[in-house]
Number of protein chains: 2
Amino acid sequence: MKINENYKNLAESYLFSTIAKRVNAFTGAHPEREIIRLGIGDVTLPLARPVVDALRAASAEMGEKATFRGYGPEQGYDFLRAALREEYARRGVSLEENEIFVGDGAKSDIGNILDLFDVDNTVLVPDPVYPVYVDTNVMAGRRIVYAAATRENGFLPMPDASVRADIIYICSPNNPTGAAYRRTELQAWVDYANQNGAVLLFDAAYERFITEPDVPHSIFELEGTKTCAIEFCSLSKTAGFTGTRCSYTIVPAALERGGLRLNAMWLRRQTTKYNGVPYIVQRAAAAVFTDEGRRATGEAIDYYRANAAVIAAALDEAGVWYCGGRNSPYIWMACPGGMKSWDFFDFLLERAGVVGTPGVGFGAEGEGYFRLTGFGDAEKTKIAAQRLRDAIAAL
Amino acid sequence: MKINENYKNLAESYLFSTIAKRVNAFTGAHPEREIIRLGIGDVTLPLARPVVDALRAASAEMGEKATFRGYGPEQGYDFLRAALREEYARRGVSLEENEIFVGDGAKSDIGNILDLFDVDNTVLVPDPVYPVYVDTNVMAGRRIVYAAATRENGFLPMPDASVRADIIYICSPNNPTGAAYRRTELQAWVDYANQNGAVLLFDAAYERFITEPDVPHSIFELEGTKTCAIEFCSLSKTAGFTGTRCSYTIVPAALERGGLRLNAMWLRRQTTKYNGVPYIVQRAAAAVFTDEGRRATGEAIDYYRANAAVIAAALDEAGVWYCGGRNSPYIWMACPGGMKSWDFFDFLLERAGVVGTPGVGFGAEGEGYFRLTGFGDAEKTKIAAQRLRDAIAAL
């Protein structure tokens with residue numbers, strides 16, 4: 001028996017447990033202080049009414065023999081794939097239903113898609129980065145190279161012709177930085193991928209936060225993408241499904257490598273190692289893409305956007321550099337006074353009672369930066385923003 | 001870019017599509033004939049009342065800010081893991097909660113667990129076999145050897161000391177054959193695994209159908225299993241969750257290979273590539289393990305068992321050899337008159353209007369055998385059993 005030794009190369013992930021420990025220690029020493037958490041990227045508003053209604057109606061269907069559903073298609077029910085196809089069509093992206101795969105989360109699909117690629121490939125990830133892109137490849141033993149996202153490039157690295165990469169991760173709007181590629185910038189990545197035979201893995205989990213017309217919601221809005229890109233999107237942030245679990249992955253029919261169609265490979269992977277999203281959840285997901293569902297989930301997005309704007313305004317007043325917040329629920333700020341990420345974490349906790357996420361936890365290039373999120377409660381976010389501004393002003 | 005070339009070695013899976021084509025051709029030619037389907041292993045009874053009530057109550061919780069749940073623990077909520085721990089304790093198996101992982105399906109976990117093992121391992125699967133065990137390993141490029149399940153060994157192959165295997169699949173009660181290992185037989189596999197440093201992957205998906213006391217429900221009822229076995233079980237058949245999706249996987253804390261703890265590896269795999277089962281589904285699953293839930297889901301199991309007994313009685317009357325049906329919803333019958341699997345498929349469709357599954361579709365050793373299931377409607381199963389007996393009698 002040979003175990004997968006690559007697991008020995010995984011860095012232990014202490015980021016959120018370290019945060020929890022420091023916060024617990026602080027609240028233990030200062031039980032009177034009210035702590036406001038703007039650290040973790042999880043939604044806080046409840047599911048929209050049309051979604052809950054759909055869950056309850058589908059649950060009732062499952063309780064009657066005439067309407068009960070057993071195994072469904074692994075790649076998702078036609079009613080949901082049709083709704084997603086229509087959703088893409090609304091922004092001018094034409095897809096076939098068999099290019100759309102319903103799944104239980106972008107994280108699952110982003111990890112599992114790697115089954116389709118040989119270990120002997122070079123992976124390009126930005127730094128700082130959502131740790132899943134790195135860890136899933138370390139587990140398989142692939143070579144990883146980093147594209148530095150820095151203040152100089154607006155935390156939006158561009159392709160480097162001297163770097164040879166086979167699998168390229170792009171998350172736009174970005175987690176953790178909130179930065180979002182414009183059309184021409186993203187096109188440069190598409191052109192690089194096509195020229196090099198690479199595959200772009202495009203994470204669109206935060207697309208619903210985009211407000212500016214020049215920022216693509218889908219990579220498939222660009223030219224030449226159906227021969228080089230796979231897109232992952234999720235209802236987690238779009239409709240508050242972090243605890244309900246539904247996502248979708250687009251694998252174009254025209255995408256081929258080494259004589260194999262990736263769409264057919266992914267279908268085979270999913271039918272072999274997966275059994276689909278619960279029927280009731282697919283009904284709930286379809287409710288998101290009705291007029292009423294769009295309106296109700298859009299209100300939640302607006303609520304989080306307003307929170308991000310409140311934080312951004314406080315940083316503007318404090319004269320602190322940041323990116324994100326405009327097309328994203330995340331704000332990525334430079335730590336004031338040249339503080340390192342963890343120093344600013346402690347400073348903000350002690351002086352303002354506000355919890356955020358140290359940028360260095362997402363990669364070496366994140367040192368000196370800090371992530372705040374708009375996913376909190378509106379009233380608490382206003383208080384936190386004021387405390388943040390005051391703490392920085394007192395420096 | 002190097003694609004995973006192993007996908008080229010996958011045999012196309014035509015079994016159920018071929019069945020569908022032949023049935024469609026027959027019904028097209030004979031629209032007046034009533035066809036009864038006893039082919040596919042999917043449940044037909046609705047979710048039990050306590051389960052539907054739990055789904056609806058949890059859906060309502062998700063619609064209120066005070067009770068909304070976002071991201072849950074990837075390995076499952078404590079309330080469900082505690083219920084599962086208690087369920088195991090009821091049959092004398094002592095587990096820690098962190099040895100229990102909630103997932104969306106035994107098929108997913110059985111496929112994904114392979115991430116933990118090197119490609120350079122030899123896999124032992126029975127023949128005939130649930131195709132997932134084979135295909136998931138072909139995808140990764142592992143060596144596969146087969147243990148012949150035959151009428152001579154009651155379709156329960158025993159370990160062969162001359163065969164060196166690292167990863168061993170056991171499904172008991174078995175899909176497709178319905179055969180179930182007794183305690184001493186299963187212990188021989190456990191001893192083999194411990195002696196050879198192999199890992200047993202034990203698929204207990206059909207355990208709820210066991211009626212005989214000498215057939216273990218869990219591999220962990222046996223001695224020495226916590227150093228060599230991983231168990232997969234599902235609510236798909238236990239509680240009709242094929243369209244609702246919830247399963248559980250037991251990875252003992254004491255199971256180590258190559259200096260790594262498989263429990264810690266699986267936790268890392270799941271936290272990196274998975275986001276857990278929907279909260280509402282976990283609440284529904286917990287409802288299965290209440291007194292009311294056990295009673296209601298037990299009634300469905302009894303219903304399917306009675307169907308299997310009706311089919312078995314017809315085969316007894318017809319003097320046809322079969323196994324299964326006693327501790328399993330599946331009946332695995334020898335095709336009468338020395339017919340091959342597909343010949344009997346056509347015979348049964350034409351003469352009796354009954355659809356089953358050709359045994360050869362599950363492996364070469366399945367040739368000459370045929371699978372029928374107890375998952376159908378009770379009245380229709382009675383009619384089908386009578387037609388089956390009459391058709392064989394007329395041979």
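This note sets out numbered points on a predicted model with chains A and B.

1. Overall form of chain A. Chain A contains 12 helices and 15 strands. Its radius of gyration is 21 Å, close to the 21 Å given by the globule rule for 395 residues, so chain A is as compact as a globular protein of that length. The C-alpha trace of chain A spans about 60 × 55 × 50 Å along its principal axes.

2. Of the 395 residues of chain A, 57% count as buried. When contacts in chain A between residues at least 6 apart in sequence are considered, 72% of them join residues at least 24 apart.

3. Relation of the two chains.

4. The interface. Chain A contributes 66 residues to the contact and chain B contributes 65 residues. On the side of chain A that touches chain B, at least two residues each are supplied by helix 2 (49-62), helix 4 (106-112), helix 5 (131-140), helix 8 (262-273) and helix 9 (279-288) of chain A. Helix 2 of chain A provides the largest share of that side, seven residues. By class, the side of chain A that touches chain B comprises 27 nonpolar, 19 polar and 20 charged residues. The copies meet through the same surface, because 98% of the interface residues of chain A are also interface residues in chain B.

5. The seven-stranded sheet of chain A. Seven strands of chain A form an open sheet in the order 2-8-7-6-5-3-4, with mixed pairing. Strand 2 (100-103) and strand 4 (143-148) of chain A are the edge strands, each pairing on one side only. Direction ignored, neighbouring strands of this sheet are turned by 20° against each other on average.

6. Strand 2 and strand 8 (residues 247-250) of chain A run antiparallel and are joined by four bridges. Within this pairing, A:Phe101 stands opposite A:Thr249 in strand 8 of chain A. Helix 3 (residues 78-90) of chain A lies across both strand 2 and strand 8 of chain A, and runs at about 120° to strand 2 of chain A.

7. The corresponding strands in chain B. In chain B, four bridges likewise join strand 2 to strand 8 (residues 247-250), and the two strands run antiparallel. The bridge partner of B:Val102 in strand 8 of chain B is B:Tyr248. From strand 2 (residues 100-103) of chain B, B:Ile100 and B:Val102 point one way, while B:Phe101 and B:Gly103 point the other way; all are buried.

8. The four-stranded sheet of chain A. A further open sheet in chain A has four strands in the order 11-12-15-14, with antiparallel pairing. Its edge strands are strand 11 (322-324) and strand 14 (357-358) of chain A, each of which pairs on one side only. Strand 14 of chain A is joined by two bridges to strand 15 (residues 369-373) of chain A, the two running antiparallel. In this pair, A:Thr357 stands opposite A:Arg371 in strand 15 of chain A.

9. Helix 10 of chain A. Helix 10 (residues 291-318) of chain A lies across strand 11, strand 12 (330-334) and strand 15 of chain A, and runs at about 15° to strand 12 of chain A. A:Ala309 is one of the residues in helix 10 of chain A. Because 16 other C-beta atoms lie within 10 Å, A:Ala309 is classed as partly exposed. The C-alpha atoms of A:Ala309 and A:Gly324, which are 15 residues apart along the chain, are separated by 9.9 Å.

10. A buried charged residue in chain B. B:Glu207 lies in the loop between strand 6 (199-203) and strand 7 (229-234) of chain B. B:Glu207 counts as buried because it has 24 C-beta neighbours inside 10 Å, and glutamate belongs to the charged class. Leaving aside neighbours within four places in sequence, B:Glu207 is in contact with B:His217, B:Ser218 and B:Cys233. The C-alpha atoms of B:Glu207 and B:Leu80 are 19 Å apart, with 127 residues separating the two along the chain.

Note on methods: Residues are numbered from 1 along each chain as its sequence is written. Chains are lettered from A and ligands numbered from 1 in the order in which they are written. This is a predicted model: local features need pLDDT of at least 70, side-chain atom pairs count only at pLDDT 80 or more; totals for chains, interfaces and linings use all residues. A residue is buried if 20 or more other C-beta atoms lie within 10 Å of its own, exposed if 12 or fewer, and partly exposed in between; C-beta atoms are placed from the backbone. Two residues are in contact if their C-beta atoms, placed from the backbone, lie within 7 Å. Two strands pair if DSSP finds at least two bridges between them. Axes are lines fitted to C-alpha atoms, for helices over the stretch in contact, and angles run from 0 to 180 degrees between N-to-C directions. The radius of gyration is taken over C-alpha atoms; the globule rule is 2.2 Å times the number of residues to the power 0.38.
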